[in-house]
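Here are my notebook notes from an afternoon with this model.

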Amino acid sequence: SGEGPPRPDQPVFTVKRWGKGGDDESTVEPGTPPAPAEEPGTGDADWEATMGEWGCDAEDAEDLAAPATFNYLSSALHPEIPKTLRKSVGEAVADFGMIKDGDRLLVGLSGGKDSLTMLHILLDLQRRAKVKFEVAAATVNPETPEYNPGPLIDYMKALGVRYHFLCKPLIEMAKKHLDPKKPSICSFCARMKRGMLYSCMRKEGYNVLCLGQHLDDFAESLLMSAFHNGSLRTMKANYSVEAHDLRVARPLVYVRERVMAQFSTENKLPIIQDNCPACFAAPKERHRIKLVLAQQEFEHPNLFWSLQKAMKPLMSINHADRSRGWFEAGPEEEEETPLQTSGGACDNGMCGLGSDGAMGVGSDDVMVSMAPAVDAATDLAA
């Protein structure tokens, strides 16, 4: 794909543009056309899907090529974004410079509540914003019976979102290629999925990968890093990978998990249930930390506001370069030594997956960020 229009060095979003209070009209630039009055389920004539360079099975290919037949509620196709939710995402976009004019965004879509909510918010901002940017989505199908993202194909058709469906038997590959001394299937799966997404971006000309980790995920990662590794680290809100050709952004960094749960339930979004045999078979450390935070929030209602403020310097790191000091490298960039009690799954949850972990893209390991790792899927499949 050719290069997009020139991008300014500074983000073009401002908090004011995304409405700090006031009526909805204040968040829309004059002359911005309203969202198209589209009948539920009619989709978009410009919709396009690709199978990805690794391909999928014949059934998935038939689903992508099949005529569109939709049966979605209007709220699932055109949900009304609450003003508070739009404001939180708009502030994050502005604070961390996540979206610039001419950017081409690829949403890492697992089909969970977080990634689906993020997709709808970005589509809403795309319609309202004065700046121009593109939004597409990609799903990595690990080809396990416990997780079937196939229904997302029809949903993306109905939304008119350009869609990439990438497939690879990741669990089977992990069994064949994992080092017995470091048998973390979760870490392997996360790297493989991120490598597949990066390859898709480079091939199709996207420059920003949007992931659905939220404020709860950031706080949980901070505590796990402190408890298990003795360092204050968490995920980053917006950073460039080490090859400096792609960025990773997390627009939900200021949003609580319960907000996404409420939004997806009220709008009847078609959530894809996930139950990976390696990652979701039993409660892990992330779940325990979630309970710890819930208990503390009961005693201190402003806990997450305080944690957000405390984590801001860590969230603001905008690179994936380990050479700049230990305090500037998050758990995404360093390979931690997992505190595991058994082989296979990541028993203590330190693989870095968030609550919407079916995409397996909560961990930004430096090996994934570096260009050579992008071809890992091809190398391991050989």
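Are H3 and H4 roughly parallel or roughly perpendicular to each other? I worked on a predicted model throughout. I looked up the axes of H3 and H4 and found that they come within 11 Å and cross at roughly 80°. Angles of 65 to 115 degrees count as roughly perpendicular, so H3 and H4 are roughly perpendicular to each other.

Next I listed who meets whom. From H3, Leu 85, Arg 86 and Val 89 touch Thr 117, Ile 121, Asp 124, Leu 125 and Arg 128 of H4. Sorted by class, this contact has four nonpolar, one polar and three charged residues.

Then I turned to H9, which spans residues 257–266. I noted Glu 257, Met 260, Phe 263 and Ser 264 as buried. Looking down the axis of H9, I saw these buried residues fall within an arc of 125°, so they line one face of the helix. My reminder to myself: an α-helix has 3.6 residues a turn, so residues three or four places apart point the same way.

On the face of H9 turned away from the buried side, I found Arg 258, Thr 265 and Glu 266 exposed. I also checked what covers the buried residues of H9: the cover includes H3 (83–96), H4 (113–128), H8 (215–229) and H10 (285–299). Just after H9, I spotted a positive phi of about 55° at Lys 268.

Last, I checked the cysteines. I found zero disulfides in the structure. Cys 189 is buried at 6% relative accessible area, and Cys 210 is buried at 1%.

Notes:
Residues numbered from 1 in each chain as written. Predicted model: local features only at pLDDT ≥ 70, side-chain atom pairs only at ≥ 80, totals over all residues. Heavy atoms only, no water. Buried < 20%, exposed > 50% of the residue type's maximum accessible area, 1.4 Å probe, protein only. Helix = DSSP H or I, 4+ residues; strand = E, 2+ residues; numbered from the N terminus. Arc of directions from axis to C-beta. Contact = heavy atoms within 4.5 Å. Disulfide = S-S within 2.5 Å. Axes fitted to C-alpha atoms, helices over the stretch in contact; angles between N-to-C directions. Parallel < 35°, antiparallel > 145°, perpendicular 65-115°, else oblique. Nonpolar A, V, L, I, M, F, W, Y, C, P; charged D, E, K, R; others polar.
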